[in-house]
Amino acid sequence: MQLGYGFPTRFYTEQGFRITSPFGPRPDPFNPGETDFHTGKDYGGRPRGTLVRTTVGGDVFTARAYSGWGNLVGITDAKGYNHLFAHFQDFRVKNGDKVARGDGIGTIGSTGNATGPHLHYQINKPGTGVRSSGYFGDPDKYYFEEEVENVEIAIVLGSDADYCNAAPLRDWLNCPIFSRSALGQLSKVSNIYVCGGAVEPIKQAAPKAKIINLSGNNRFETAAKISSHLASI
Ligand SMILES: [Zn+2]
C-alpha cells in the first residue's frame with residue numbers, strides 16, 4: 001500500500017475517508033445554536049468496522065474506553081507528541097505495543113460522544129496525555145518526521161520556521177520533509193529540495209543527489225522562492 005507523507009488529511013483521504021468536521025470553531029453538534037472548538041479533525045465516509053491505520057509510528061500508551069472519547073488509542077511518537085484516535089468500535093492494538101505508520105490500530109465506530117461512525121484524530125503536545133485541551137493545533141500543520149526508505153525526492157528545512165512554507169511543496173511532491181538533524185537519512189535520496197539554510201551540508205550528506213536550492217537569506221525569501229518554484233511547475 002502506498003502511503004502519502006505528512007498531512008493526515010491526505011493520508012486518510014487516499015484511503016477513501018473524507019473530512020466530516022474540520023479543526024477549529026464549529027457549531028456544537030450536541031448543543032444547537034452554540035459554538036465549540038474542535039480540537040482535532042474528523043474523518044468519516046467509511047462504514048463502521050473499517051480498519052483505521054495510524055498516521056505515525058510510536059508506542060501505544062493507551063487503548064481503552066474513555067468518557068467522551070469512547071474507545072481511544074493513544075500513540076506517542078519519537079518527538080513525544082501524543083496522537084489520539086477516538087470513537088473506535090474495536091481495538092487492534094493494546095497498551096505497550098509498538099506500531100509503524102500505516103499499521104491498523106482499530107476500527108471505525110461511534111463510541112463516546114459521536115453522532116455517527118467516524119474517526120476523531122487529534123495531536124496532543126508532550127506531557128498532556130489524553131486531555132482534550134492538550135491539542136497541538138491543526139493536525140495537518142504537524143511536522144511529521146518519518147524514518148523512510150526508498151525515497152527519491154525529499155525536502156530539507158533550514159529550521160522549523162521553514163516548515164509552513166515548505167508544506168505546500170511537500171503536498172505537491174508527496175515526499176517527506178527532513179530536518180537538519182536527519183541528514184544521515186539523505187544519502188540514498190536522488191532529488192533534494194533545500195528549503196532554508198545552507199546547501200553545503202546537504203551536498204556533503206548526499207553527494208550524488210540533484211539539489212534544488214530554494215533557500216533565501218531569511219525565511220521570507222525562502223517562502224518567495226518556494227512559491228515561485230511551485231508556480232513554475
Ligand atoms: Zn472530532
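Reply: Let's start with the largest nonpolar core, which has 20 residues. Tyr12, Ile75, Phe85, Ile105 and Leu119 have the most contacts inside this core. A nonpolar core here is a set of buried Ala, Val, Leu, Ile, Met, Phe, Trp, Tyr and Cys residues joined through side-chain atoms within 4.5 Å. Buried means under 20% relative accessible area, exposed means over 50%, and partly exposed is in between (1.4 Å probe, protein chains only).

Before going on, some ground rules: this is a predicted model, where local features need pLDDT of at least 70 and side-chain atom pairs count only at pLDDT 80 or more, while totals for chains, interfaces and linings use all residues. Residues are numbered from 1 along each chain as its sequence is written, and side-chain values use heavy atoms, leaving out hydrogens and water.

At least two of its residues come from each of α1 (8–13), β7 (70–76), β8 (82–88) and β11. The biggest giver is β11, with three residues. (Helices are DSSP runs of H or I with at least four residues, strands are E runs of at least two, and both are numbered from the N terminus.) There's also a second, separate core of 16 residues, with Tyr163, Ala166, Leu173 and Cys175 among them.

Now follow β11 into its sheet. Seven strands make an open, antiparallel sheet in the order β1-β4-β11-β8-β7-β6-β9. At the edges stand β1 (18–21) and β9 (98–99), each pairing on one side only. Strands count as paired if DSSP finds at least two bridges between them; β4 and β11 have three, in the antiparallel sense. Across from lysine 41 you'll find tyrosine 121 in β11.

Aspartate 42 in β4 (residues 41–44) and histidine 120 in β11 (residues 119–124) link distant parts of the chain, 78 residues apart.

One last stop is aspartate 140, in the loop between β11 and β12 (153–157). Aspartate 140 counts as buried because its relative accessibility is 13%. Its side chain makes a polar contact of 2.4 Å with the side chain of threonine 9. (A polar contact is a pair of N or O atoms within 3.5 Å; within protein, one must be able to donate a hydrogen and the other to accept it, and residues adjacent in sequence count only if both atoms are side-chain atoms.) Leaving out residues up to four places away in sequence, aspartate 140 touches Phe7, Pro8, Thr9, Lys41, Tyr43 and Tyr163, where contact means heavy atoms within 4.5 Å.
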